[in-house]
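The following briefing is meant to be read alongside the sequence and the model.

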Amino acid sequence: MSVRPKHRFWISLGHNKLALFGFSILFCLVLISLSAPFIARFNPGELHMLKTLQAPDADFLMGTDEFGRDIFSRVIYGTRTSLQTSLLVVLIAGGIGTFLGLCSGYFSGVTDFIIMRIMDGLMAFPALLLALSIMAAFGASQTNLILALAIIYIPSFTRLTRNTTLGIRELEFIEASKAAGAGSLRIMIDHVFPNCLSPLIINATVILGYTILSEAALSFLGFGSPSQISWGTILSDGRDYVFNAPWISIYPGLAISFFVLGTNLAGDGLRDILDPRMQ
Amino acid sequence: MKQSHTDPLLSCTDLSIVFNTHEGCFSAVRHVDFEIGHGEIVGLVGESGCGKSLTALSIMGLLPETASAHGNAIHFEGKDLLNINERAYQQIRGNRISMIFQEPMTSLNPVFKVGFQVREALLLHQKIDKTEAQTQAISMLKDVGIPAPEQAYNAYPHELSGGMRQRVMIAMAMCCNPKLLIADEPTTALDVTIQAQIIELIKGLVCTRNMSVLFITHDLGVVAEICDRVIVMYAGNILEEGSVENILEHPLHPYTQGLLKAIPQIDNQLDYLHIIPGSVPALKDLKDMTGCCFEPRCTNAMDICRQEIPGAHTPRDNHHVNCHLYNR
Amino acid sequence: MPTPLIRVNELKKYFSTDGFGLFSKKRTAVKALNGISFDIYPGETLGIVGESGCGKSTAARVMLRLIPATDGSVFFKEDNIFSLSTGELKNIRKKMQIIFQDPFSSIDPRKNIRKIIGEPLSIHGIGSRKEREERVLSLVERVGLHKTCMDKYPHEFSGGQRQRIVIARALTLNPELIICDEPVSALDVSIQAQVLNLLKELQAEFGLTYLFISHDLSVVKHISDRIAVMYLGKIVEIAPTRDLFETPLHPYAISLLSAVPVPRVNIKRNRIVLTGDVPDPRHLPEGCAFYSRCFKRIPKCKTIGPELLECDPGHSVACHVANSIKATQ
């Protein structure tokens, strides 16, 4: 009975309590976002003008904002937007970054030089300023937000993939493939990329956390798209009411914290599980 | 060949080393007994997984966290090494017992100069000042045959060749005049011509300093060059032990015989090499074995081999073997 | 004399040690291969022996065009490997395969054995799925592994078993030449014997030609028909195995042979222990590369590099004093 690497992963995950906890948090959040219509009591945009700025009570579990909207429902629906945004950012940044990193690491020379200088350029800008400039230039929509954040995180994936590729490239099984007649593209896709997956996945979980925070920051600064309900926009709405209605900001803040905690624990756990066993 | 007529320098009785994992406890070394006499070079020979490195590490008290040593005693200079604390061990390591390893590049710290590291070894165990330590270090580098020792003192490990780095390791190990040097595959990573030089160096040091050496290797040719006595290990057990002449010229255990026949020899030509069928059992499988650990691969296996662990026999002087073939 | 399968001519490979250094004026080159020439005949095993830094592994890689050569040519039958187009090269690659030393890094840890051994077939688009399956199965069994191996992953096998997998992979495309780069150096003695026997059997069965690279003289002697001794990027002696061991002529070969430890106690050996270290490959001396450690040197050796000249049928040496050494034997 051979134990495939994938099966070993699940077995090891069972042993690592913290990682399990982290993944559980993420799993719960995903469930919540999928079942939002069933959990939320009210429509997130529904106004209750008689109950504005009310503290949490039996009806409004997390209180209401200045328009009488139920914070709890808004946070629940916001989970969707926030998770979706961060996932898309990671997928886009990861996809582009990994591809560039593979080319850069495998081909070296001029290709490497050009790609890394572009990355250096991107990294030279303070991340949020870069996102702000892009949003300012192209308008404040959710799509632009996602693209702007994706651009910020491309260098992280590129560098990681490039460094891993540099190491793998020297291993003999790569030479063996070449000796058998395989071309560069085939080697990159078939051999190098699968061996880069472990560090990439770990990096992805970390970037998920960063993305949420960046998105919250951007929304807080007023650059989020106004029509979307995300944790960041809710947090931002509560900016003016921090003293008299703190619950407007606290609960989305807690949600963000939970999410980041989950991604960090999951990422740490993944590193413990994936790396030593692969030796 | 030296015969020691006094008490041995190191005496190890009933040593076992066990790994504790979440899958259970596995014995990597089982009930091993051996002695090292004064001024003697003892070879500990075996293939991968036989437990020779672990045995050496247990003498030094450097077993990995997951492993623990049990047994009767390891007697050295009046102490039982199985029963001393870490502090006492630190007095012994580098001072009375030194160890050198296979890969000199990873055993030396790449960011410190070589001389600094040799000096450190001196300062740890002797109450001398830095200048005196430097002088002794340079003298030590000269003793191990490094040309231009003052220049080497100021060099970084990566600036020296493999052979030179191994000499530095030996210098570090020797600087406090240990009584016992444990050498774990010190020449395996070196070229043949450099290996010859290092072997000559160690032999010279043994003579001039009346030191003993536990020389761990898988290479029987090197054993012939340097050892007085040989211990053959397999899967955590000692199978055979004796003078180098007895072991290499008149091997008794089927494993030793098979090993010698499997080596391509420079002075004879065979079309196909004799092979020992199968491979070394995994630790998990060893646990379930009731008889001799070599039985599954042994061409001379009898029924009793599967049932009982063979006891030690001494068919001739300075030659012990653990094998049912020699039951009286 | 049959036509050679491989003809290597004045092969050179220099590694430049400076990258983009803007401020470095000196560009020192490591002369890994400094002009080697030899032939390999069909069906034979040519051994290449030498210590670290002599260039033997580089030679293997350059011959297969895994790294580009600096100069020289390598002919596989009538084709010059260095002047082939990518497509032609891919085709020739079917006929020349390589086995590496480290059984742990020479197979992809993330692929199962079926995919690993079948990869060459997939690269060249040979055979249907069923045919490939059959071919892989027959190879697995031929190298002495059980068919249940096909679905397993590399980490489940020992070093010796992995080396068999590597050999199976090398055989997939029915090559004519297999370059073995230290294939048994990382294996235990008892496993080493199994793998060497397997290589010999396969050679007899499939009519393979081997280029066997190793630092272990006993192993090379066991398997080779002819042996070339390399030192610092040059071939210093090349001869049929028996001749090399009975009458070595180059001082380096002589000292190498005398330094090999033999597991016998009662033999008298004339050990020649060389003094000094191997010179820095970035700053090779003018004349003979072995001058600094040679115990037979004459003043001429310091300035003039010796040529590889035939002194007996099939036995060539690169040494100014070879004839006088021969006379004393």
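The secondary structure of chain A comes to 11 helices and zero strands, where helices (H or I, at least four residues) and strands (E, at least two) are DSSP runs numbered from the N terminus. This is a predicted model, in which local features need pLDDT of at least 70, side-chain atom pairs count only at pLDDT 80 or more, and totals for chains, interfaces and linings use all residues. Residues are numbered from 1 along each chain as its sequence is written, chains are lettered from A and ligands numbered from 1 in the order in which they are written, and side-chain values use heavy atoms, with hydrogens and water left out.

**Chain A overall**
- Along the sequence, chain A reads α-α-α-α-α-α-α-α-α-α-α, and its C-alpha atoms fill a box of roughly 75 × 50 × 25 Å, taken along the principal axes.
- Of the 279 residues in chain A, 51% are buried, that is, under 20% relative accessible area with a 1.4 Å probe and protein chains only.
- Of the contacts (heavy atoms within 4.5 Å) in chain A between residues at least 6 apart in sequence, 70% join residues at least 24 apart.

**Helices α5 and α7 of chain A**
- The axes of helix α5 (residues 109-124) of chain A and helix α7 (residues 142-169) of chain A come within 9 Å and cross at roughly 140 degrees, axes being lines fitted to C-alpha atoms over the stretch in contact and angles running from 0 to 180 degrees between N-to-C directions.
- That angle makes α5(A) oblique to α7(A), since angles under 35 degrees count as roughly parallel, over 145 as roughly antiparallel, 65 to 115 as roughly perpendicular and the rest as oblique.
- The contact involves residues including Ile115(A), Met116(A) and Met119(A) of α5(A), together with Ile151(A), Ile154(A) and Pro155(A), among others, of α7(A).

**Helix α9 of chain A against helix α3 of chain C**
- Helix α9 (residues 184-220) of chain A and helix α3 (residues 113-123) of chain C pack at an angle of about 155 degrees, with their axes 13 Å apart, and the two are therefore roughly antiparallel to each other.
- Arg186(A), Asp190(A) and His191(A) in α9(A) meet Glu119(C), Ser122(C) and Ile123(C) in α3(C).

**Confidence in chain B**
- Within chain B, confidence is lowest in helix α3 (residues 104-107) of chain B, at a mean of 78, and highest in strand β3 (residues 41-45) of chain B, at 95.

How values were computed: pLDDT is the predictor's confidence in each residue, from 0 to 100. Buried means under 20% relative accessible area, exposed over 50%, partly exposed in between (1.4 Å probe, protein chains only).
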